[in-house]
Amino acid sequence: ESPHYGDSLFYFYQGRYFTSVTRLMASQQFGRMVPHDDEAEILRGGLFLSYGMHREAGDVFAKLIERGAPPAVRDRAWYYLAKIRYQRGLYAESEDALGRIDKPLAGALEEDRALLQANVLMARGKYTEAIRVLDVLAKGPGATSYVRYNLGVALVRSGDLARGTKLLDEVGKLPATSEEYRSLRDKANVALGFASLQE
């Protein structure tokens, strides 16, 4: 409903993130985001996060939560706060933030939330709980290679070498169509090597 918010989204979806965030912040300064104020703040915090500005992004999400944003916006803010805390090595705080998410997140964010939850659990040495989270994702129709990789790592670390190495081997043999998937394939093969050494 706000053309100025639409303008920022246009540049965001074009991949022109700097232009998007500068137009967004200028429009916010003049109060032009109504009725999309909360959505604009989520976008601004996400853009800060993508630029590695963790403290600034954390402040944005914390303020959204404090001012009582609608539940869907608040849940996304808690997710991003959990992500920031995980990246800073604050695993207990990250797990707490994930626990405050009330409902499933929209679209691909729900899988990202579950993957983050599994990574937090693994970082805290809770491999059995991480396996439960990842097993549910792996049985879903659109299970990604990231899910299988993380499940393989969790299984190996929990002592189930046979099942874990099988999954890592599958990911390590995937055809890599992009740099991202080549990197994931390499990580799977390295993890498979460590699993073999452990065995």
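## Basis of the values

The structure is a predicted model in which local features need pLDDT of at least 70 and side-chain atom pairs count only at pLDDT 80 or more, while totals for chains, interfaces and linings use all residues. Residues are numbered from 1 along each chain as its sequence is written, and side-chain values use heavy atoms, with hydrogens and water left out.

## Arginine 113

Arginine 113 belongs to helix α7, residues 109-123; helices (H or I, at least four residues) and strands (E, at least two) are DSSP runs numbered from the N terminus. Its relative accessibility is 16%, so arginine 113 counts as buried. Buried means under 20% relative accessible area, exposed over 50%, and partly exposed in between, with a 1.4 Å probe and protein chains only.

The side chain of arginine 113 forms a polar contact with that of glutamate 110 at 2.6 Å. Such a contact is a pair of N or O atoms within 3.5 Å; within protein, one must be able to donate a hydrogen and the other to accept it, and residues adjacent in sequence count only if both atoms are side-chain atoms. Apart from neighbours within four places in sequence, arginine 113 is in contact (heavy atoms within 4.5 Å) with Tyr79, Leu98, Ile101 and Leu105.

## Arginine 124

Arginine 124 is located in the loop between α7 and α8 (127-138). With a relative accessible area of 39%, arginine 124 is partly exposed. When residues up to four places away in sequence are not counted, arginine 124 touches Tyr91, Ala92 and Glu95.

## Largest pocket

The largest pocket has a volume of about 480 Å³. On a 1 Å grid over the protein atoms alone, a pocket is an open set of points where a 1.4 Å probe fits, with protein on both sides within 12 Å along at least five of seven lines; lining residues have an atom within 4 Å of a point. A volume is the space filled by probe spheres set on the points, which are joined across faces, edges and corners.

Its lining comprises 19 residues, with Phe12, Leu43, Gly46, Tyr80 and Leu109 nearest the centre. Helix α3 gives the largest share, 7 residues. The lining divides into 13 nonpolar, 2 polar and 4 charged residues, where Ala, Val, Leu, Ile, Met, Phe, Trp, Tyr, Cys and Pro count as nonpolar, Asp, Glu, Lys and Arg as charged, and the others, Gly among them, as polar.

## Second largest pocket

The second largest pocket holds about 290 Å³ of space. Its lining residues include Tyr79, Lys83, Glu111 and Tyr146. The largest share, 5 residues, comes from α7.
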